Amino acid sequence: MNFAHFMRIEREVNGGTRYYVVHTHDPKFSIELVPDRDAPDHIGKGVIKALRLPNSWSGNYAQCGKLVAAAQEFFRESFAEPVSKGETRRFQV
């Protein structure tokens, strides 16, 4: 899956870390996630804490569901080991 439109943000707040995934193209939305401590890797796809999206998308549940699932998958994969620059160029990622 192409995650070019997603970005993960980490913020240190009161001694803890808050994680946000932001979709940078239409519809622009953000989702706050906390790592799933019950998952085998203690991160999983994250547990949704808050979802902020435009009012125009609030009734389109099918599209919202697809984007939220993609955001959760991006969250999970963003904690994976980084790939070297040479490999990303080789696979044109």
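How many salt bridges does the structure hold? The structure holds seven (a salt bridge is a side-chain nitrogen of Lys or Arg within 4 Å of a carboxyl oxygen of Asp or Glu). This is a predicted model, where local features need pLDDT of at least 70, side-chain atom pairs count only at pLDDT 80 or more, and totals for chains, interfaces and linings use all residues. Residues are numbered from 1 along each chain as its sequence is written, and side-chain values use heavy atoms, leaving out hydrogens and water.

**Layout**
- The protein chain has two helices and four strands (DSSP runs: H or I of at least four residues, E of at least two).
- From the N terminus, the order is β-β-β-β-α-α.
- Of its 93 residues, 30% are buried (under 20% relative accessible area; exposed is over 50%, partly exposed in between; 1.4 Å probe, protein chains only).

**Salt bridges around Glu32**
- Glu32 is buried, at 5% relative accessible area.
- Glu32 pairs with Arg18, with the closest N and O atoms 3.7 Å apart. Glu32 lies in β3 and Arg18 in β2, so the pair ties together parts 14 residues apart in sequence.
- Lys49 also bridges to Glu32, at 3.8 Å from N to O. Lys49 sits in strand β4 (residues 47-52) and is exposed at 52% relative accessibility.
- Arg52 and Glu32 form a salt bridge at 3.8 Å, N to O. Arg52 is partly exposed, at 42%.
- Shared partners join Arg18, Glu32, Lys49 and Arg52 into one network.
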